[in-house]
Amino acid sequence: QVQLVESGGGLVQPGGSLRLSCAASGSFSSINAMGWYRQAPGKQRELVAEITSGGSTNYADSVKGRFTVSRDNAKNTVYLQMNTLKPEDTAVYYCNGNIWVNSWTFRVYWGQGTQVTVSD
């Protein structure tokens, strides 16, 4: 019924930039808050950034000043602009969405993940 699909991951050198996208598709009423999480090998999944329907944002301390989360409501898409990337940013990045599938049903959806590798 509803799918979140991430794109934009890849291999980048330290200090470089990447822009991740997450597009929601299918049948739903509206999208509330959306967020980006990441999981590195051997570590737990952690919140990277989130954005509310009103545009308020929150970031992990490790990415403040380097990452920017934004959304295009007309395209049902959330973005994560990642600048000054570091090797410790290497992880699988997951999109999270809090979505009203109809007027009375609220569900949480996850994307399949996209790999970001920061290395020389």
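How many bridges join β1 to strand β3, and in which sense do the two strands run? In this predicted model, β1 and β3 (residues 18-26) run antiparallel and are joined by six bridges. Within this pairing, E6 has C22 of β3 as its bridge partner.

With regard to overall architecture, the protein contains eleven strands and zero helices. The pattern along the sequence is accordingly written β-β-β-β-β-β-β-β-β-β-β. The radius of gyration is 14 Å, close to the 14 Å given by the globule rule for 120 residues, so the protein is as compact as a globular protein of that length. Taken along the principal axes, the box filled by the C-alpha atoms is roughly 50 × 25 × 25 Å. Of the 120 residues, 42% are buried. The protein exposes about 6,300 Å², of which carbon and sulfur atoms supply 46%. Among contacts between residues at least 6 apart in sequence, 54% join residues at least 24 apart.

Four salt bridges are present in the structure. One of them is formed by the side chains of R38 and D89, with an N to O distance of 3.0 Å. Because R38 lies in strand β4 (residues 30-39) and D89 in the loop between β8 and β9 (91-100), this pair ties together parts that are 51 residues apart in sequence. Both partners, R38 and D89, are buried.

A further salt bridge involving D89 is made with R66, the side chains meeting at 2.8 Å from N to O. R66 is located in the loop between β6 (57-59) and β7, whereas D89 is in the loop between β8 and β9, so the pair links parts that are 23 residues apart in sequence. Like D89, R66 is buried. Through salt bridges that share partners, R38, E46, R66 and D89 are joined into one network.

The salt bridge between K64 and D61 has its closest N and O atoms 3.1 Å apart. The accessibility of this pair can be contrasted with the burial of R38 and D89: K64 is partly exposed, with a relative accessible area of 49%, and D61 is exposed, with a relative accessible area of 64%.

Definitions and conventions
Residues numbered from 1 in each chain as written. Predicted model: local features only at pLDDT ≥ 70, side-chain atom pairs only at ≥ 80, totals over all residues. Heavy atoms only, no water. Helix = DSSP H or I, 4+ residues; strand = E, 2+ residues; numbered from the N terminus. Buried < 20%, exposed > 50% of the residue type's maximum accessible area, 1.4 Å probe, protein only. Rg over C-alpha atoms; globule rule 2.2 N^0.38 Å. Contact = heavy atoms within 4.5 Å. Areas by Shrake-Rupley, 256 points an atom, 1.4 Å probe, with all protein chains shown as cover. Pairing = 2+ DSSP bridges.
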